[in-house]
Amino acid sequence: MDEVSCNGEQSAVEQGSETPEERDGEKTALDSENVVPEERKEFVAPAVGMEFESYDDAYNYYNCYAREVGFRVRVKNSWFKRNSREKYGAVLCCSSQGFKRIKDVNRLRKETRTGCPAMIRMRLVDSKRWRILEVTHEHNHLLGARVCKSVKKISNGTKRKLQSNTEAEVRTIKLYRALVIDAGTNGNSNSISREPKISSDHPDQLNLRKGDTQAIYNYLCRMQLTNPNFFYLMDLNDEGCVRNFFWADARSRAASVYFDDVIFLDNTFLSNKYEIPLVAFVGMNHHGQSILLGCGLLAGETTDSYNWLFKGWLTCTSGRHPQTIISDRCKILQSAISEAFPRSQHRFGLSHIMRKVPEKLGGLRNYDVIRKTLFKVVYETLKPFDFEAAWAFMIQRFGIGDHGWLRSLYEDRSRWAPVYLKDVFFAGMATARPGETLNAFFDKYVHKQTPLKEFLDKYELALQKKHKEEVLTDVESRNLSPELKTRCSFELQLSKVYTREIFKRFQLEVEEMYSCFSTTQLHIDGPIIIFLVKERVLAEGDKREIKDYEVLYNRAAGEVRCICSCFNFYGYLCRHALCVLNFNGVEEIPFKYILSRWKKDYKRLHIPDQGGGGGFANGDATETVQWYNQLYRSALQVIEEGMISLDHYKVALQAFEESLSRVHGTEHKIDQK
């Protein structure tokens, strides 16, 4: 590469000079007390790997950071392509870096430089972004206002720069147009407070309150500069105010690669008019723990807002469609999901519906009896015919045929009643049994009046706690052997495979095989044999009653399916299916019924497919994005392996350090060409 090195040591303006200059793309940073915002931004310290959209953005960021810390910046070196004069490399340093030249020593002015080592080295990379390659933070002199005094005379060009100082600060953090987050700021980030907005039926902007703008700004700055895989999108209205906002941090994006097959779309805070209009994408990991996959703040429950949110999700996940989406029962949401995710199965959360029973039916006569009857209809019927017959009997018995909520509920029965959902995969999020619920991910962290500023702090605490829980359960699953409670070969088989929590759930099914006292052959239809399994189940008043379950078995294909559909609902075989396998002399559960997502080594062995029906396969992603995703997947596997033990951690860390050194070596070779 043809290049020209411009040494800033010979052309840079000394501290205290009367007239600052700009030449050959070099700039002398200035500090002026009258342009520092009243509410100063907390700029995160520069770090290796940070990227910026342009050289100016990178320079302005380091300048703003320097002013915050208390020093001034000088361009030490710049590199240009010889033919095009395009800048492709630079070193920015503290203005106290180096010492005076020998010929200047005899001048009357006192030496102001101290040989300060503070600097950053950056380079234009293949993605056409400026990346920081080297950082030194330490200074060898005092920092503060006394050192960074104002310059009395400045050029017109610099005046214009200082007048737009706040805009520069925002640009440098790669927040795009986040400057106009706050309505009525007119581009001035000092105007961060505003009166609360009154919600309308057709809201066109977020209901931000005093301090919310600064809280969002600080959060985005921190995430963009410290969270390398952080993703966010903003939707602005015609006045430049934020209408909707979507984001996903690195952990959430990593989790979605593995566990976005089933998603619970939690709009509890939005639909119940909380202070925070939050919508969360929630999944379930290999331990059966809820995990956050992404978040959105919406101006209102409108089709347009939901459509925008789902497009943001698809952009973030490279177009992957969940297999199943669970949500609250909402027509607007139903319409938006069907449009954005045509290949996904959308179902309503049963626990949300049953939670509304007291509110919707509490005023009826015989409410307690009606409630018990409704629960029996919903949870205990095994066939659609039985459900419809029991529902009709309930309606007729209590004379509630004209009840609007019950009538609409019956019309939507195919989207929420377990008896109609047996072919839908839920990965443990079905809540098909009494007492099971889908709780809001932030349920313990947010109440109705929690302000946005407080939530952003609690958001990070919640994610840290969840991540710690997952790491601990990972370690337990790998290092501790579960206690076996039976002599059943199925229990021994899966004790070596499943994570600790999932094995406990499956173990309960093995134990309950002993409550199934009869397995008989009912009918043969070609290769398929239908068995009847009788089970003593606990009924009302601690009484036991006998219940019949039909199980289909195909020996040749190694298939078994129970009418209770435990496998689709929870991801493992039920006691009835296990009885049939045992009856037929099968000693190991067929491989197809041992889901990889429940295995203790799932994240270490599984290489996720980022394409997912909407990404690379359709040519939507650039080559650079493909490189990034492949590198990210590979690094993630090393990280998962490194969490196994201290020895694994040391090896993984050493591998990363060696890899980084070799990559830097490649850059030096390119510089020398």
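Q: Which residues is Phe245 in contact with, leaving aside its neighbours within four places in sequence?
A: In this predicted model, Phe245 is in contact with Leu206, Ile216, Leu220, Tyr232, Leu233, Met234, Cys295, Gly296, Leu297 and Trp308. Contact here means heavy atoms within 4.5 Å.

Q: What makes the set of residues around Phe245 a nonpolar core?
A: A nonpolar core is a set of buried residues of the kinds Ala, Val, Leu, Ile, Met, Phe, Trp, Tyr and Cys, joined through side-chain atoms within 4.5 Å. The largest such core has 86 residues, and Phe245, Trp247, Phe442 and Phe455 are those with the most contacts inside it. Helix H15 (residues 452-479) gives the most to this core, with six residues. A second, separate core has 31 residues, among them Ala255, Val279, Leu314 and Ile325. In soluble globular proteins, nonpolar side chains tend to be buried together.

Q: How do you know whether Ser256 is buried or exposed?
A: The cut-off for buried is under 20% relative accessible area. Ser256 has 3% relative accessibility, so Ser256 counts as buried. This residue lies in helix H6 (residues 250-259). Not counting residues up to four places away in sequence, Ser256 touches Leu293, Trp313, Thr317 and Arg320.

Q: What makes Asn366 partly exposed?
A: Asn366 has a relative accessible area of 48%, so the term partly exposed applies. Asn366 is found in the loop between helix H11 (357-361) and helix H12 (367-380). Its phi is also positive, near 60°, and the residue is other than glycine.

Q: Why is H5 described as largely enclosed by the rest of the structure?
A: Of its 15 residues, 12 are buried, so the description holds. The buried residues of H5 are Asp212, Thr213, Gln214, Ala215, Ile216, Tyr217, Tyr219, Leu220, Cys221, Met223, Gln224 and Leu225.

Q: Why is H19 called largely enclosed?
A: Seven of the nine residues of H19 are buried, so the rest of the structure largely encloses this helix. The buried residues are Arg575, His576, Ala577, Leu578, Cys579, Val580 and Leu581. They pack against helix H16 (489-495), helix H17 (500-511), strand S16 (516-525), strand S17 (528-538), strand S18 (544-554) and strand S19 (559-562). Just after H19, Gly585 takes a positive phi of about 75°.

Q: What makes S16 and S19 the edge strands of their sheet?
A: The sheet is open, has four strands in the order S16-S17-S18-S19, and pairs them antiparallel. S16 and S19 each pair on one side only, and they are the edge strands. The twist averages 25° from one strand to the next.

Q: How do you know that S17 pairs with S16 and with S18?
A: Two strands pair if there are at least two bridges between them. Eight bridges join S16 to S17, and 11 bridges join S17 to S18. Both counts meet the cut-off, so S17 pairs with each. Ser518 has Lys534 in S17 as its bridge partner, and Phe531 stands opposite Val551 in S18. The hairpin of S16 and S17 has two residues between the strands, and there Gly526 takes a positive phi near 65°.

Note on methods. Residues are numbered from 1 along each chain as its sequence is written. This is a predicted model: local features need pLDDT of at least 70, side-chain atom pairs count only at pLDDT 80 or more; totals for chains, interfaces and linings use all residues. Side-chain values use heavy atoms; hydrogens and water are left out. Buried means under 20% relative accessible area, exposed over 50%, partly exposed in between (1.4 Å probe, protein chains only). Axes are lines fitted to C-alpha atoms, for helices over the stretch in contact, and angles run from 0 to 180 degrees between N-to-C directions.
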